[in-house]
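Please study the sequence and the model together as you read. The paragraphs below begin with a single residue and then widen the view.

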Amino acid sequence: MGLFSSSMALNSFDDLFVEQLQDLYDAEQRLVKALPKMADASHSASLKSAFQEHYRQTQGHVSRLEQVFKMLGKSAQSKTCEAMKGLVAEGEEVLSAKGDPDVKDAALIAAAQRVEHYEIAGYGTARTFAQRLGRQDAARLLQQTLDEEGATDKKLTALAEQSVNPKAAATT
Ligand SMILES: [Fe+2]
């Protein structure tokens with residue numbers, strides 16, 4: 001999240017809140033680009049549909065953040081999220097990897113869950129900041145996205161445990 005970039009001014013808690021939102025806004029836009037590729041690369045039909053569903057949700061996450069910026073009277077600006085850039089780059093290594101399709105599915109889930117956990121951390125922080133700043137309207141929207149990220153993470157765990165990992169393990 002470029003927390004130590006020299007150009008950033010953190011003079012108030014409000015500045016920090018906006019900076020966190022800008023980071024999330026960039027992260028979500030990167031994911032909108034990455035998720036269709038992950039869906040295409042999925043061998044398992046249920047994994048493919050999980051990525052497709054999360055792609056649609058992620059488009060909603062982008063517009064929810066736009067609503068939050070609007071509520072705060074700020075323009076929707078993004079700030080390069082170095083962490084999501086790296087997480088997406090790791091996911092892309094899987095896309096171009098050769099090998100067994102079931103093992104690649106397990107690798108896609110591994111990459112996607114890192115992304116979800118990163119987002120859960122980001123939204124949990126932003127929601128808590130919004131509450132502290134008395135912005136219940138923003139907090140409610142951020143909580144909705146947080147809940148969807150959490151549900152996606154759980155769904156990926158279930159897919160991994162119930163179908164993808166057992167198939168991947170059969171290669172060993
Ligand atoms: Fe999201």
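**From one residue to the whole fold**

Asp 102 is buried, because its relative accessible area is 19%; buried means under 20% relative accessible area, exposed means over 50%, and partly exposed lies in between (1.4 Å probe, protein chains only). The model is a predicted one, in which local features need pLDDT of at least 70 and side-chain atom pairs count only at pLDDT 80 or more, while totals for chains, interfaces and linings use all residues. Residues are numbered from 1 along each chain as its sequence is written, and side-chain values use heavy atoms, with hydrogens and water left out.

Asp 102 belongs to helix 4. Helices (H or I, at least four residues) and strands (E, at least two) are DSSP runs, numbered from the N terminus. Not counting residues up to four places away in sequence, Asp 102 touches His 43, Val 164, Lys 167 and Ala 168; contact here means heavy atoms within 4.5 Å. Along the chain Asp 102 and Ala 170 are 68 residues apart, yet their C-alpha atoms are separated by 9.0 Å.

The view may now widen to the whole protein. It has five helices and zero strands, and its elements run α-α-α-α-α from the N terminus on. The radius of gyration is 17 Å, close to the 16 Å that the globule rule gives for 172 residues, so the protein is as compact as a globular protein of that length. The radius is taken over C-alpha atoms, and the globule rule is 2.2 Å times the number of residues to the power 0.38. Along the principal axes, the C-alpha atoms fill a box of roughly 55 × 30 × 20 Å. Of the 172 residues, 43% are buried. Among contacts with a separation of 6 or more, 77% join residues 24 or more positions apart.

Which residues have the most contacts inside the largest nonpolar core? They are Met 38, Leu 47, Phe 51, Met 84, Leu 108, Ile 109 and Leu 156, in a core of 23 residues. The elements that give two or more residues to this core are helix 1, helix 2, helix 3 (82-95), helix 4 (101-132) and helix 5 (136-169). Helix 1 gives the most, with six residues. Apart from this core lies another, of 19 residues, among them Val 62, Val 68, Ala 126 and Ala 130. A nonpolar core is a set of buried Ala, Val, Leu, Ile, Met, Phe, Trp, Tyr and Cys residues joined through side-chain atoms within 4.5 Å. Leaving out residues up to four places away in sequence, Met 38 touches Phe 51, Leu 95, Leu 108, Ala 111 and Ala 112.

Ser 44 counts as buried because its relative accessible area is 9%. At the start of helix 2, a side-chain oxygen of Ser 44 reaches to within 3.3 Å of the backbone nitrogen of Ser 46. A polar contact is a pair of N or O atoms within 3.5 Å; within protein, one must be able to donate a hydrogen and the other to accept it, and residues adjacent in sequence count only if both atoms are side-chain atoms.

The 27 residues of helix 2 should span 39 Å at 1.5 Å a residue, and its end C-alpha atoms are 39 Å apart, which agrees. The expected span is 1.5 Å times one less than the number of residues. The buried residues of helix 2 include Leu 47, Phe 51, His 61 and Val 68, and its buried residues pack against helix 1, helix 4 and helix 5. Gly 73, whose phi is positive, near 70 degrees, follows helix 2.

The protein donors of the iron ion are Glu 28 (OE), Glu 28 (OE), His 61 (ND1), Glu 119 (OE) and Glu 149 (OE), lying 1.9 to 2.7 Å from it. Glu 119 lies in helix 4 and Glu 149 in helix 5, so the pair ties together parts that are 30 residues apart in sequence. Both Glu 119 and Glu 149 are buried. Donors are N, O and S atoms within 2.8 Å of the metal (3.2 Å for Na, K and Ca); water is not among the atoms, so sites may look incomplete.
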